[in-house]
Amino acid sequence: MTVSLSLGLLVLRVVIGLTLAGHGAQKLFGWFGGPGFSKMQQGLEAQGFRPASLWLSLNILGELGGGLSLAFGFLTSVGAAGAVGAMFMAIVKVHWKNGFWNSNRGLEFPLALLAGAAAIGFTEAGNYSLDALFRINFHHTLLFVILTAVALIVDIVGLSISRPTLAVTAADASS
């Protein structure tokens, strides 16, 4: 792999990976102004995810774990697939209804993260990665495609079983 391609992949991996990891840290720890696990779990329950802790854990794994995997270039195909799965769910469940632009909480930003993770997943980590250092050589593209398909199937299952919780008003409760 050429030096310029490896440098380009390094820049892409670090920016996409650390951005995703930051979002996962917001959800898990409440860092960077995030809600933390408890509030995020309540939000997922309101969106109809049951059990919310499972779906939140999968989201955090895709964002924090996948993001760190991409940033370090370690088990990159696995991290890229997790990141694609997390961003696909975010786009469909939260951002799609708001249109494209991020100024309206649209899908612009998570789509860019999804595309970056997919680009890395379809290529590989490059020479400046832990995968290269430890000579982790497996069929990167094939593994990425298989794991991404699994992540998307899990997303589709989650989307199909989640139903928003309806707020019960006092008038509804008395009738």
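The legends below describe close-up views of a predicted model.

**View 1. Helices H1 and H2 cross at roughly 90°.** Helix H1, residues 3–29, and helix H2, residues 36–46, have axes that come within 4 Å. Because angles of 65 to 115 degrees count as roughly perpendicular, H1 and H2 are described as roughly perpendicular to each other. On the H1 side the contact is made by Gln26, Lys27, Leu28 and Phe29, and on the H2 side by Gly36, Phe37 and Met40. Sorted by class, the residues in this contact of H1 with H2 are four nonpolar, two polar and one charged.

**View 2. A salt bridge joins lysine 27 and glutamate 63.** A search of the whole structure finds one salt bridge, and in the pair shown here the side chains of lysine 27 and glutamate 63 meet at 2.9 Å, N to O. The pair links distant parts of the chain, with lysine 27 in helix H1 and glutamate 63 in helix H3 (residues 52–72), 36 residues apart. Lysine 27 is buried, and glutamate 63 is buried as well. Lysine 27 also belongs to the H1 residues that make the contact with H2.

**View 3. Phenylalanine 49 and tryptophan 55 form a tilted aromatic pair.** The structure holds six aromatic pairs, and in this one the rings lie 5.8 Å apart, centre to centre, with 50° between the planes. Both phenylalanine 49 and tryptophan 55 are buried.

**View 4. Phenylalanine 100 and tryptophan 101 form an edge-to-face pair.** The ring centres of phenylalanine 100 and tryptophan 101 are 4.8 Å apart and their planes stand at 85°, so the pair is edge-to-face, given that planes over 60 degrees apart count as such. Phenylalanine 100 is partly exposed, with a relative accessible area of 38%, whereas tryptophan 101 is exposed, with a relative accessible area of 53%.

**View 5. Phe29, Trp31 and Phe32 are linked into a cluster by ring pairs.** Among the members of this cluster is Phe29, which is also one of the H1 residues in the contact with H2.

View 6. Histidine 140 and serine 77 are 63 residues apart in sequence, while their C-alpha atoms are 5.8 Å apart in space.

Methods:
Residues numbered from 1 in each chain as written. Predicted model: local features only at pLDDT ≥ 70, side-chain atom pairs only at ≥ 80, totals over all residues. Heavy atoms only, no water. Phe/Tyr/Trp six-rings, centres within 6.5 Å; stacked < 30°, edge-to-face > 60°. Buried < 20%, exposed > 50% of the residue type's maximum accessible area, 1.4 Å probe, protein only. Axes fitted to C-alpha atoms, helices over the stretch in contact; angles between N-to-C directions. Helix = DSSP H or I, 4+ residues; strand = E, 2+ residues; numbered from the N terminus. Parallel < 35°, antiparallel > 145°, perpendicular 65-115°, else oblique. Contact = heavy atoms within 4.5 Å. Nonpolar A, V, L, I, M, F, W, Y, C, P; charged D, E, K, R; others polar. Salt bridge = Lys/Arg side-chain N within 4 Å of Asp/Glu carboxyl O.
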